[in-house]
Amino acid sequence: MMSKTKLLWMMIGLILLLGCNFFTRAPSPTPDLLATLQASTPSSSSSSPAVPNSIATLAPNLPSPNPTLSSGQPSIPAPSAADALTGHIVFTCQLFKVQSMDQICIINADGSGMRRLTTEDNLRHYYPSLAPDGQSVLYSGFRELNVYEIYNLNLKDGSLDQLTNRMGALNAPEVSPDGSSITFTRGNPNNGQLQIMVMERNGENAGNLPQIFGWDPTWSPDGKQILYASGPEGGVQLFVVNRNGNGLHQVSNLPAIRGRSDWSPDGQSIVTYSGPSWHREVYIMNADGSNARQLTPSGGNSQGPSFSPDGKWVTFTAYFDKYGDDHGCEIYVIRTDGTDLRRLTNNDYCDYQPRWGP
């Protein structure tokens with residue numbers, strides 16, 4: 001009798017456990033590679049890969065925002081000769097108002113001479129950057145499903161070179177300060193991971209930095225380190241790693257960082273952007289992450305910053321004049337002290353991902 005009673009209770013317990021799904025495995029997340037590749041676009045959402053190792057966090061730095069622009073503000077002025085803006089800015093121009101048809105454009109830093117560089121209407125081109133010598137533009141271009149290649153466009157003769165060949169979804173290419181290497185992000189369509197890569201200037205000998213998972217890499221001015229973004233959604237931060245993969249450390253501690261950042265030419269400052277959708281702001285901080293402060297006036301949904309070659313200005317994307325309009329993002333510049341906000345573009349489509357060069 002005792003054994004039958006125990007057996008009965010054991011059967012009842014097993015039924016209860018099964019009813020509560022005690023033995024059911026938690027579903028594993030499905031990688032969404034294309035979503036992770038939007039970390040630096042004006043889109044409202046993005047999923048991010050997890051950092052493989054636990055990394056110590058720096059003490060928090062509380063930002064001090066600048067005053068918000070008043071409602072009903074007048075249109076942001078264009079640059080003037082007194083601003084002494086030099087060099088060129090390349091950016092993604094959504095001429096056809098469709099992301100799958102993004103193009104690459106270039107404009108003089110004073111707002112003049114805008115022109116389109118890419119010519120294939122039905123293919124996506126994005127993530128442009130100027131080489132340090134100002135002679136060519138690198139960008140990512142769609143080739144086939146889950147395959148984006150890195151291209152080099154010669155600005156003098158218009159020749160185009162494909163530097164990669166079916167390595168995955170590649171983006172955010174940037175030439176090292178000495179012109180010898182390129183860092184970029186590789187998206188793996190098999191597992192959804194984003195990894196920081198480096199290859200020679202001509203595209204040969206591409207390899208990943210071991211165990212460095214992230215996106216939007218950018219070189220330090222001396223070319224010895226790489227700054228990039230990484231972390232789970234809602235916990236993304238900026239990290240720095242040596243060119244050889246050693247010395248990994250976190251440098252930011254801001255909420256809702258997405259990606260695109262830049263290092264000042266003197267190596268003393270970093271710009272990035274953070275905040276929830278439609279409430280993003282550009283922040284500037286010391287290179288070690290200290291003294292983080294809001295650079296852009298509140299209310300513009302500002303993002304994707306890049307330093308000028310002289311380190312006195314920052315260019316970025318914002319919606320100051322067309323807030324709430326999906327096609328309302330334009331290219332702006334502002335001094336590193338938060339003054340003299342200027343608008344460079346004024347189109348009926350989105351201009352974003354600006355990168356300043358010679």
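**Rings, charges, strands and sulfurs**

Guide: In this predicted model, the charged end of Arg 124 sits over the ring of Tyr 126, 4.0 Å from the ring centre. The ring of Tyr 126 also belongs to an aromatic cluster with Tyr 127, Phe 142 and Tyr 148.

Visitor: How many aromatic pairs are found in the whole structure?

Guide: The search finds ten aromatic pairs. In one of them, Phe 316 and Phe 320 have ring centres 6.4 Å apart and planes at 85°.

Visitor: Are Phe 316 and Phe 320 buried or exposed?

Guide: Buried means under 20% relative accessible area. Phe 316 is at 0% and therefore buried; Phe 320, at 7%, is buried too.

Visitor: What makes the contact of Lys 97 and Asp 348 a salt bridge?

Guide: The limit is 4 Å between a side-chain nitrogen and a carboxyl oxygen. For Lys 97 and Asp 348 the N to O value is 3.9 Å, so the pair counts. Lys 97 lies in the loop between β1 and β2, while Asp 348 lies in the loop between β23 and β24, so the bridge ties together parts that are 251 residues apart in sequence. Lys 97 is partly exposed at 38%, and Asp 348 is exposed at 51%.

Visitor: Which residue forms a salt bridge with Arg 166?

Guide: The partner of Arg 166 is Glu 144, with the closest N and O atoms 2.9 Å apart. Arg 166 is in the loop between β7 and β8 and Glu 144 is in strand β5, so this pair joins parts 22 residues apart in sequence.

Visitor: What makes β12 and β15 edge strands?

Guide: Four strands form an open antiparallel sheet, in the order β12-β13-β14-β15. Both β12 and β15 pair on one side only. Inside that order, six bridges join β13 to β14.

Visitor: Why is the link of Cys 93 and Cys 105 called a disulfide?

Guide: The sulfur atoms of Cys 93 and Cys 105 are 2.0 Å apart, and the limit is 2.5 Å, so the pair qualifies. The link is right-handed, with 80° about the S-S bond. Cys 93 is in strand β1 and Cys 105 in strand β2, twelve residues apart.

Visitor: Which cysteine is joined to Cys 329?

Guide: Cys 329 is joined to Cys 350, S to S 1.5 Å. These two cysteines lie in loops 21 residues apart. Cys 329 is buried at 0%, and Cys 350 is buried at 2%. The count comes to two disulfides.

Key: Residues numbered from 1 in each chain as written. Predicted model: local features only at pLDDT ≥ 70, side-chain atom pairs only at ≥ 80, totals over all residues. Heavy atoms only, no water. Phe/Tyr/Trp six-rings, centres within 6.5 Å; stacked < 30°, edge-to-face > 60°. Buried < 20%, exposed > 50% of the residue type's maximum accessible area, 1.4 Å probe, protein only. Lys NZ or Arg CZ within 6 Å of the ring centre and 35° of its normal. Pairing = 2+ DSSP bridges.
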